[in-house]
Amino acid sequence: MLLTCPNCRTRYVVPDAAVGPTGRQVRCASCKHSWFQQAPEPEPTEKNMASEGNPAPVEAPSAPSSRAPIEEPSPPPITPPRYERQDAPRRSSFAHEPPFRPRRNPATMWTIAAALFALMLVIGALGIWQSGILEGGVSFAAEQPALEIVLDQQQDRQTLTDGTEYFAASGTIVNSSAIEQRVPPLLVVLKDSQGRAVYSWTMKPPVRSLAPGGKAEFNEAKLDVPRAATELEIGWASEAS
């Protein structure tokens, strides 16, 4: 049958079975207008036409026509998939990470560590040596005795006629404790005006031990001492020295 849209006059050729015997609601695919289409009237058959005295019509070949089906309800819109937002762009696994980090050489690191360790040992040894050369009665020995070294106010320093430098270190050892004390060797150090040690020697103790409150004088001379020696310091030396 032929359907004509009452709104835009667009025509459609559809089969009779698409409308049905009772009719149906249809919609124009061009302008979207809807209307109720009645069922098609039954076509006259050859038998009915013969009975009425009408000659049977000659069937003409059907011409091809544009067949437009009745528009079905539109499918629901497809919702695009939702993706989680990523604030930071995803880094490719093949991308290099700038800046390039140089590889560390283990041999170089061990060399630096060994040099720092050696430097610390040297500084420690110098500190111990400097702390040991102190004035009046501070011991260089492993154990400091309860003894006091009192230097004479005037030390004997002179140049002999042959040009030799003569120096004599003198003073008194005092036991100020309440018990007898063993007297260790004495370490005599001569320094220049800048405080640098230029000459030193170990002096044997004048006595082996001192009773409580006891005193012992010492005096020992050396030749060919440096002319730059201007200061005197005496402390306790270890028994091994």
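Guide: The questions below concern this predicted model.

Visitor: How many disulfides does the model contain?

Guide: A disulfide requires two cysteine sulfur atoms within 2.5 Å. The sulfur of Cys-8 has its closest cysteine sulfur in Cys-31, 3.5 Å away, which is too far for a bond. For Cys-28, the nearest cysteine sulfur is that of Cys-8, at 3.6 Å, and Cys-28 is in no disulfide. The count of disulfides is zero.

Visitor: Is Cys-28 buried or exposed?

Guide: A residue counts as buried under 20% relative accessible area. Cys-8, at 30%, is partly exposed. Cys-28 has a relative accessibility of 0%, and therefore it is buried.

Visitor: Which residues have the most contacts inside the largest nonpolar core?

Guide: Nonpolar side chains tend to be buried together in soluble globular proteins. Beyond its neighbours within four places in sequence, Leu-186 touches residues including Ile-149, Ile-173, Phe-218 and Ile-234. The core has 19 residues, and those with the most contacts inside it are Ala-169, Ile-173, Leu-186 and Ile-234.

Visitor: What is the bridge partner of Val-26 in β4?

Guide: Val-26 is among the eight residues of another core, apart from the largest one, together with Leu-3, Val-19 and Cys-28. Strands β3 (residues 24–27) and β4 (residues 34–37) pair in the antiparallel sense over four bridges. Six residues lie between the strands of this hairpin, where Lys-32 takes a positive phi near 70°. In β4, Val-26 has as its bridge partner Trp-35.

Technical notes
Residues numbered from 1 in each chain as written. Predicted model: local features only at pLDDT ≥ 70, side-chain atom pairs only at ≥ 80, totals over all residues. Heavy atoms only, no water. Buried < 20%, exposed > 50% of the residue type's maximum accessible area, 1.4 Å probe, protein only. Core = buried A, V, L, I, M, F, W, Y, C linked by side-chain atoms within 4.5 Å. Contact = heavy atoms within 4.5 Å. Pairing = 2+ DSSP bridges. Helix = DSSP H or I, 4+ residues; strand = E, 2+ residues; numbered from the N terminus.
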